[in-house]
Amino acid sequence: KTLKAWSATLHGGGLIILIDDYRSQGVDPHDEEFVLFQKSWLANSVPSTTEIAEWAEELEMQLIRDRDLGSEYQILKRFYRNKKPALIDDHGRVHQAWLGSKVRGKLMFEGKITYRLLVLQKKMS
């Protein structure tokens, strides 16, 4: 719905830039830990970049850039100190924001999600 609304406001050549976590190719969206990530990160959906590109095509747009910001900015090294986070906390923390961050890190280490910048461009009429 959102992508459709954004696309409707663009003239030919207009751009939409998305920076977010995306499900890696082949990852089951019903995987237990993936569903936990979605709930704890408060994400309505976590599509793959292929799905985004397909939706864009349906809306007369094309994916023109796909950058892996997780690798480019060393997210695992800088935010998780190159350690896969445990989902159990010795201090009893279990709140949504803490859990979301830990599950995100774990899934990034496992290659189930990637942090990317996507640029979509409206096709010329």
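1. Starting with the core: the largest nonpolar core has twelve residues, namely V27, F34, F37, V46, I75, Y80, W98, L99, V103, L107, M108 and I113. A nonpolar core here is a set of buried Ala, Val, Leu, Ile, Met, Phe, Trp, Tyr and Cys residues joined through side-chain atoms within 4.5 Å. Buried means under 20% relative accessible area, exposed means over 50%, and partly exposed is in between (1.4 Å probe, protein chains only). Helices α2 (32-40), α5 and α6 each supply at least two residues of this core, and α6 gives the most, with five. There's also a second, separate core of nine residues, with L3, L18, L118 and L120 among them. As background, nonpolar side chains in soluble globular proteins tend to be buried together.

2. Before going further, the ground rules. This is a predicted model, so to speak of local features takes pLDDT of at least 70, and side-chain atom pairs count only at pLDDT 80 or more, while totals for chains, interfaces and linings use all residues. Residues are numbered from 1 along each chain as its sequence is written, and side-chain values use heavy atoms, with hydrogens and water left out.

3. Overall layout: the chain has six helices and three strands, and read along the sequence they follow the pattern α-β-α-α-β-α-α-α-β. Helices (H or I, at least four residues) and strands (E, at least two) are DSSP runs, numbered from the N terminus. The C-alpha atoms fill a box of roughly 60 × 25 × 25 Å, taken along the principal axes. Of the 125 residues, 34% count as buried.

4. On to the sheet. The three strands form an open sheet in the order β1-β3-β2, with antiparallel pairing; two strands pair if DSSP finds at least two bridges between them. Strands β1 (15-23) and β2 (61-68) stand at the edges with a single partner strand each, so one side of each has no neighbour in the sheet. Neighbouring strands are turned by 25° against each other on average, direction ignored (axes are lines fitted to C-alpha atoms, for helices over the stretch in contact, and angles run from 0 to 180 degrees between N-to-C directions).

5. What joins β3 to its partners? Nine bridges link β1 to β3 (residues 113-122), and seven bridges link β2 to β3.

6. Next, the largest pocket, which holds about 590 Å³ of space. Of its 22 lining residues, T2, S45, P47, I52 and W55 are the closest to its centre. On a 1 Å grid over the protein atoms alone, a pocket is an open set of points where a 1.4 Å probe fits, with protein on both sides within 12 Å along at least five of seven lines; lining residues have an atom within 4 Å of a point. Grid points are joined across faces, edges and corners, and the volume is the space filled by probe spheres set on the points.

7. Who builds that lining? Helix α1 (2-9), strand β1 and helix α3 (49-58) each supply at least two residues, and β1 gives the most, with five. By class, the lining has 14 nonpolar, three polar and five charged residues. Ala, Val, Leu, Ile, Met, Phe, Trp, Tyr, Cys and Pro count as nonpolar, Asp, Glu, Lys and Arg as charged, and the others, Gly among them, as polar.

8. Most residues other than glycine have a negative phi. R81 counts as exposed because its relative accessibility is 70%.

9. E33, in helix α2, counts as partly exposed at 23%. E33 and S101 are 68 residues apart in sequence and 13 Å apart in space, C-alpha to C-alpha.
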